[in-house]
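Subject: Structure handover

Hello,

Please find the structure below. My notes on it follow.

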Amino acid sequence: MATDKSGEIAINMAETKASAKGTAPLLNYSKAVAAVEPPNRGAKKGLAVGDFVLRLCALGAALGATVAMGTADQLLPFFTEFLQFEAQYDDFDTFRFFVMALGIVSSYLLLSLPLSIICIIRPLATTPRLSLVIFDSMMAALTIAAGSASASMVYLAHNGNDDVNWLPFCQQFGDFCQSASGAVIGSLLAAALLLIIIILSAFALKRN
């Protein structure tokens, strides 16, 4: 009986050691996988994909606003021997600034797409994301400045200003004012999208 008990104890000890040896590598492998792939990788990749889609939308809005304002031109059908009534965007310094600013923003958004793709491929990389946040903030400020300044000019064109005897002229140049108003709306939409992109980037940079 003693021999049988000792044999059983020896067998049980051998099985325990064998099972421990078999499970230890599995535990170490699971820990290694958890260390290589953090749990927030998928969330950051989703934010990067959303950033890319919103960046494309902002590019479309900024480019559309630039084209709409740059092509704003109307010639009235009546004229005199010495005068021809025409309204163009470059007749106003504010609208010139608008076209230049939105052109810069459109070019930046186009050039930022490769960096946004890098953020999708490497969602844990902080350098490209931080660079995008910095330049996105600058472009958002430029877009808001151009859009708000042009919005004030569009308001004056529609309503005038009695204090300085500035008469509204959108009744005569309706097509010109419609194009300018659409451009201002597009710029404000681009600015809103840029602000959303900055918020998404801030969440992506957050360490969990």
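Is Arg96 buried, exposed or partly exposed? Arg96 is partly exposed, at a relative accessible area of 41% (buried is under 20%, exposed is over 50%, and partly exposed lies in between, with a 1.4 Å probe and protein chains only).

This is a predicted model, in which local features need pLDDT of at least 70 and side-chain atom pairs count only at pLDDT 80 or more, while totals for chains, interfaces and linings use all residues. Residues are numbered from 1 along each chain as its sequence is written, and side-chain values use heavy atoms, with hydrogens and water left out.

Overall picture

The protein chain has five helices and two strands, in the order α-α-β-β-α-α-α from the N terminus. Helices (H or I, at least four residues) and strands (E, at least two) are DSSP runs, numbered from the N terminus. Of the 208 residues, 33% are buried. Among contacts (heavy atoms within 4.5 Å) between residues at least 6 apart in sequence, 77% join residues at least 24 apart. The chain exposes about 12,900 Å², and carbon and sulfur atoms supply 67% of that area (Shrake-Rupley method, 1.4 Å probe; for residues, only the protein chains shown count as cover).

Salt bridges

The whole structure holds four salt bridges (a side-chain nitrogen of Lys or Arg within 4 Å of a carboxyl oxygen of Asp or Glu). Arg96 pairs with Asp93, with 3.8 Å between the closest N and O atoms. The two are about one helical turn apart, because they sit three residues apart in helix 3 (residues 93-121). Asp93 counts as exposed because its relative accessible area is 59%.

Arg55 pairs with Asp51 at 3.0 Å, N to O. These two are four residues apart in helix 2 (residues 41-70), so about one helical turn separates them. Both Asp51 and Arg55 are buried. Arg55 also forms a salt bridge with Asp136, at 2.9 Å between the closest N and O atoms. This second pair links distant parts of the chain, as Asp136 is in helix 4 and Arg55 in helix 2, 81 residues apart. Asp136 is buried as well. Asp51, Arg55, Arg129 and Asp136 are linked in a network of salt bridges.

Surface patch

Leu130, Ile134, Phe135 and Met138 form a nonpolar patch on the surface, with about 380 Å² of accessible area together. Leu130 lies in helix 4 (residues 127-159) and is partly exposed, because its relative accessibility is 46%. Patches are made of residues with over 30% relative accessible area and no salt bridge; like charges are joined within 9 Å, and nonpolar side chains (Val, Leu, Ile, Met, Phe, Trp, Tyr) within 5 Å.

Regards
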